[in-house]
Amino acid sequence: MDKESLLRLVDSLHRDKEIAKDVVFQGIESALATAARKHFKSAEAISIQIDRHTGEIVAMEGDRKIDPSELGRVTAQTAKQVIIQKIREAERDVIYEDFVSRKGSIVSGTVQRFEGSTMVINLGKTEGVLHKSEQIADEHYNTGERIRATVFDVKKVGTRVKIMLSRAHTDFVRRLFELEVPEIAEGTIEIKAMAREPGHRTKIAVYSSDSNVDCVGACVGVRGSRIKNIVDELNGEKIDIIRWSDEPEALLPNALKPAEVSGIILSSENQVATIVVPNDQLSLAIGKRGQNVRLASRLTAWDIDIITESELEERQKASVLETTEVAVSNKAPSDNLNVTPPDAGTTEAVETGGDKEDA
């Protein structure tokens with residue numbers, strides 16, 4: 001290869017593959033040196049240097065200068081194979097570094113093919129895989145359709161880069177909120193906690209550091225425009241937007257929305273909260289297959305036990321009776337079930353994406 005052709009090759013790889021020119025030069029030098037050592041079988045050290053500006057190849061066997069034409073055809077083929085391998089490794093490293101830096105962020109691509117239940121997504125320069133476990137239940141895509149997902153993990157596998165994607169991860173919803181709600185991306189509104197069951201329901205607790213910014217209203221948007229875009233992307237997944245509070249008396253009732261809460265009994269020692277609800281609110285508080293209370297527990301980091309007002313009365317009567325039986329004086333027994341009403345001034349949540357009856 002003449003000098004001009006060599007420089008054009010390096011420049012082309014730099015532009016098309018986004019590989020640094022010096023990396024390409026080093027790969028070619030390494031390949032030529034490997035081929036030269038195999039050809040000459042010399043005890044002398046063989047080194048190859050390529051002038052970065054002129055493309056001139058300088059080959060040395062010890063102190064003797066080697067004419068590149070001496071390498072022969074077989075040696076040139078060996079050098080070509082090594083160069084191709086080095087270029088592939090360099091290309092892999094470029095893709096790897098690019099996607100590692102985007103880990104956790106949202107990428108967009110098209111469904112290229114299916115390998116069993118796994119979707120292979122065309123991301124432009126490379127492919128990503130969306131395994132069944134990272135797909136949202138009941139979602140269906142066809143070849144050629146656009147799809148968005150988060151970069152879940154990135155690994156080097158031989159000369160390839162394996163990019164694993166996810167639509168089921170909680171971070172997917174988090175990133176959608178960051179894209180749709182500028183106040184979150186700017187840091188004015190903070191996502192304090194999230195709990196999700198993909199394809200069914202997500203609970204997200206938000207907090208505003210600016211008293212003039214309504215964190216719940218900002219996430220919903222004018223006439224629900226912002227939250228609608230997120231729900232549409234999730235194909236109708238319900239989203240409960242909750243105002244965060246450091247006080248469990250306010251946070252727990254919010255987390256159990258859409259159910260109404262009439263009282264709270266907290267046991268801080270073991271992080272257990274007994275939530276009292278009206279008799280007709282029990283199934284709503286628990287949710288379909290226990291989903292509402294399960295997500296509320298994960299969101300707040302409290303173990304939640306839900307009882308009705310009738311059950312509370314029975315427990316109070318049983319407590320009074322037990323206390324009376326062991327009393328050693330005529331002092332009136334005290335009720336050891338201290339029920340705290342929810343903070344009506346701070347309880348607030350917004351539910352989107354479904355009817356309350358489906359909670």
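**View 1. The accessible surface of the whole chain.** The accessible surface (Shrake-Rupley method, 1.4 Å probe) comes to about 19,600 Å² for the chain, and 47% of it belongs to carbon and sulfur atoms. This is a predicted model, in which local features need pLDDT of at least 70 and side-chain atom pairs count only at pLDDT 80 or more, while totals for chains, interfaces and linings use all residues. Residues are numbered from 1 along each chain as its sequence is written, and side-chain values use heavy atoms, with hydrogens and water left out. Of the 359 residues in the chain, 41% are buried, meaning under 20% relative accessible area with a 1.4 Å probe and protein chains only.

**View 2. Helix α2, residues 21–40**. Helices here are DSSP runs (H or I, at least four residues), numbered from the N terminus. The 20 residues of α2 reach 28 Å from the first C-alpha to the last, close to the 28 Å expected at 1.5 Å a residue, where the expected span is 1.5 Å times one less than the number of residues. Among the buried residues of α2 are Val-24, Phe-25, Ile-28, Leu-32 and Ala-35. After α2 comes Lys-41, whose phi is positive, near 45°.

**View 3. The packing of helices α4 and α7**. Helix α4 (residues 170–180) packs with helix α7 (residues 225–233) at an angle of about 145°, their axes lying 10 Å apart; the axes are lines fitted to C-alpha atoms over the stretch in contact, and angles run from 0 to 180 degrees between N-to-C directions. In contact (heavy atoms within 4.5 Å), Phe-172, Leu-176, Phe-177 and Glu-180 of α4 meet Arg-226, Ile-227, Asn-229, Ile-230 and Glu-233 of α7.

Key:
Helix = DSSP H or I, 4+ residues; strand = E, 2+ residues; numbered from the N terminus. Buried < 20%, exposed > 50% of the residue type's maximum accessible area, 1.4 Å probe, protein only.
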